[in-house]
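Hi everyone, thanks for making time this morning. I'd like to walk you through one structure, so please have a look at it with me.

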Amino acid sequence: MNQRQLKRKSAAVCLLALLCVRAAAAQTDVYIGVAGGMEYRKTALALALFMPARPGERSDQEASGEVREIIRADLMFSRYFDVKEEPLSTANLSNGKDSLEFWKTLGAAWLVSGKVSRGEKFWTMTARLHDLESGKVLLEKFYQGDPRVMRKAAHLFSDDVIMRVTGRKGIAHSRIAFSNDSTGAKEIYTVDYDGENLAQLTKDRSIALLPRWSQDASRVYYTTYRYGNPDMFEIDMKAGKVRPFTTFQGLNIPGGFSPDGMTMVATLSRG
């Protein structure tokens with residue numbers, strides 16, 4: 001075989017290889033799209049006005065409105081519900097048979113109602129979930145405590161409603177841990193999932209980052225350059241204490257936890 005024939009054969013082999021590669025690529029292309037078909041149907045749920053436990057007490061009136069708005073936002077944010085509301089209807093004033101029948105006319109299968117009282121030292125809420133088909137109360141919760149925990153109680157009730165109606169866990173009572181440098185140094189903060197109750201957890205005045213919750217959410221682990229080295233510190237959320245956890249020379253970065261909370265995955269560059 002002379003040199004010209006060798007070049008032609010080599011070119012033919014290259015062309016064949018190129019065609020094979022293109023064919024293989026065409027076969028392995030992945031397309032992600034949205035097509036019509038079955039639509040997710042939200043559950044129709046009626047939300048009555050929350051009544052003040054003491055009708056003439058302004059603090060109760062304000063608290064009942066605040067709690068209802070928190071629960072309303074939670075239910076709508078979950079994307080599971082088509083929330084039905086009729087603020088001017090007299091059906092808000094009662095949970096009697098006629099009232100339940102009215103909410104059914106709106107196409108709702110469930111009804112959420114409640115009563116709220118807020119004093120200087122204590123706050124109370126009684127909240128219910130009604131099955132409009134049977135007329136029965138499927139869920140009734142009573143909360144009492146410091147006025148500062150009002151939002152948390154409302155979130156907890158929202159998640160109870162979501163679990164009872166859909167069988168899925170809600171996220172309304174969850175919190176987010178994150179790093180922010182608004183003070184001029186990176187510090188660790190927590191905030192409710194809806195952006196409320198912002199709290200600064202650290203004052204390292206350095207670089208604090210990569211926070212990780214423990215499995216039971218009682219502790220937060222993070223990496224800090226507080227002492228010059230990227231050490232791992234632990235924040236006890238109940239006691240409000242911050243302490244060193246691993247301080248090996250080099251990287252000390254928290255990862256996730258095992259389901260039982262007894263084992264942590266971490267990055268350590270020691271050795």
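By salt bridge I mean a side-chain nitrogen of Lys or Arg within 4 Å of a carboxyl oxygen of Asp or Glu. Arg118 sits in strand β4 and Glu66 in helix α2 (residues 58–77), so this pair ties together parts that are 52 residues apart in sequence.

Before going on, a word on where this comes from. The model is predicted, so local features need pLDDT of at least 70 and side-chain atom pairs count only at pLDDT 80 or more, while totals for chains, interfaces and linings use all residues. Residues are numbered from 1 along each chain as its sequence is written, and side-chain values use heavy atoms, with hydrogens and water left out. Helices (H or I, at least four residues) and strands (E, at least two) are DSSP runs, numbered from the N terminus.

Back to our pair: are the two partners buried or exposed? Arg118 is buried, at 18% relative accessible area, whereas Glu66 is partly exposed at 34%. The cut-offs are under 20% for buried, over 50% for exposed, and partly exposed in between, using a 1.4 Å probe and protein chains only. The two also belong to a network of salt bridges that links Arg58, Glu62, Glu66 and Arg118.

How many salt bridges are there in the whole structure? The search finds 16. One of them joins Glu85 and Arg68, with the closest N and O atoms 2.8 Å apart. Glu85 is in the loop between β3 and α3 (97–105) and Arg68 is in helix α2, so parts 17 residues apart in sequence are tied together. Here Arg68 is buried at 10%, and Glu85 is partly exposed at 25%.

Now let's turn to strand β1, residues 43–47. Four of its five residues are buried. Strands count as paired if DSSP finds at least two bridges between them. β1 pairs with strand β3 (residues 81–84) in the parallel sense, over four bridges, and Ala46 stands opposite Lys84 in β3. β1 also runs parallel to strand β4 (residues 110–118), joined by three bridges. There, Leu45 has Trp110 as its bridge partner.
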